[in-house]
Amino acid sequence: MPPTPTSTPTSTPTNSDCYAYPGNGFVPSQDAWINGNQPGQSYGTDTQLHIRPVNNADRRALIQFDLSSIPSGSTILSAVLYVNDETGEDYTVLIYPLAGVWDESVTWDTAPAFDPAAIGSFNLTLTPCVRAAWLDTARVNAW
């Protein structure tokens with residue numbers, strides 16, 4: 001069954017609110033996380049994604065979506081990334097687009113570069129819940 005586009009949320013978002021996942025939209029076609037402390041290790045088969053610096057090593061989550069069902073020439077009016085935070089940490093998460101191809105065997109050493117300009121963010125708080133990041137639609141349309 002092809003993915004169904006997610007409708008625009010009706011509430012005025014803040015980066016630290018909790019949201020109910022709308023239940024439609026695109027699910028990742030691939031995901032993995034990479035660990036600067038173990039640069040040759042692949043974590044593509046893990047069931048959780050790990051992010052943020054831990055013990056002076058960077059951890060990054062990589063998420064890929066198959067957008068081929070969006071007709072060529074379409075204009076994206078809004079793009080929201082929903083993430084389930086299970087840890088209840090307190091920090092800001094920035095979202096960056098990757099500048100190359102990767103698959104779930106990716107490691108820190110083989111990961112493509114990322115664009116240093118964030119396209120969205122959300123704040124984690126001590127309350128675990130689903131967070132939402134409203135993405136820069138101009139840059140999403142460029143994909």
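Visitor: Is R139 buried or partly exposed?

Guide: Buried means under 20% relative accessible area, exposed over 50%, and partly exposed in between, with a 1.4 Å probe and protein chains only. The relative accessible area of R139 is 21%, so this residue counts as partly exposed.

Visitor: On what kind of model do such values rest, and how are residues numbered?

Guide: This is a predicted model, in which local features need pLDDT of at least 70 and side-chain atom pairs count only at pLDDT 80 or more, while totals for chains, interfaces and linings use all residues. Side-chain values use heavy atoms, with hydrogens and water left out, and residues are numbered along each chain as its sequence is written, from 1.

Visitor: With which residue does R139 meet in a salt bridge?

Guide: A salt bridge is a side-chain nitrogen of Lys or Arg within 4 Å of a carboxyl oxygen of Asp or Glu. For R139 the N to O distance is 2.8 Å, and the partner is D115.

Visitor: Which parts of the chain does that pair link?

Guide: The two residues, R139 and D115, are 24 residues apart. D115 is partly exposed at 30% relative accessibility. R139 belongs to helix α1 (residues 137–142), and D115 to the loop between β4 and β5.

Visitor: How many salt bridges does the structure hold?

Guide: Besides the bridge of R139 with D115, R60 pairs with D58, their closest N and O atoms being 3.1 Å apart. R52 pairs with E89 at 3.7 Å between the closest N and O atoms; R52 lies in the loop between β1 and β2, and E89 in the loop between β3 (80–85) and β4, 37 residues apart. The structure's count of salt bridges is 3.

Visitor: Over the ring of which residue does the charged end of R52 sit?

Guide: A charge sits over a ring if NZ of Lys or CZ of Arg is within 6 Å of the ring centre and within 35 degrees of the ring normal. R52 is partly exposed, at a relative accessible area of 32%. Its charged end is 4.2 Å from the centre of the ring of Y91.

Visitor: Why is the pair of W33 and Y43 classed as it is?

Guide: Rings of Phe, Tyr and Trp (its six-membered ring) pair if their centres lie within 6.5 Å; planes under 30 degrees apart count as stacked, over 60 as edge-to-face and the rest as tilted. The structure holds 4 aromatic pairs. In the pair of W33 and Y43 the centres are 3.9 Å apart and the planes at 25°, so the pair is stacked.

Visitor: Are W33 and Y43 buried or exposed?

Guide: W33 has a relative accessibility of 4%. Y43 has a relative accessible area of 11%. W33 counts as buried, and Y43 is likewise buried.

Visitor: What is the class of the pair formed by Y96 and F114?

Guide: The ring centres of Y96 and F114 are 5.0 Å apart. With the planes at 50°, the pair is therefore tilted.

Visitor: Which pattern does the protein follow along the sequence?

Guide: Helices (H or I, at least four residues) and strands (E, at least two) are DSSP runs, numbered from the N terminus. The protein has 1 helix and 6 strands. Their order is β-β-β-β-β-β-α.
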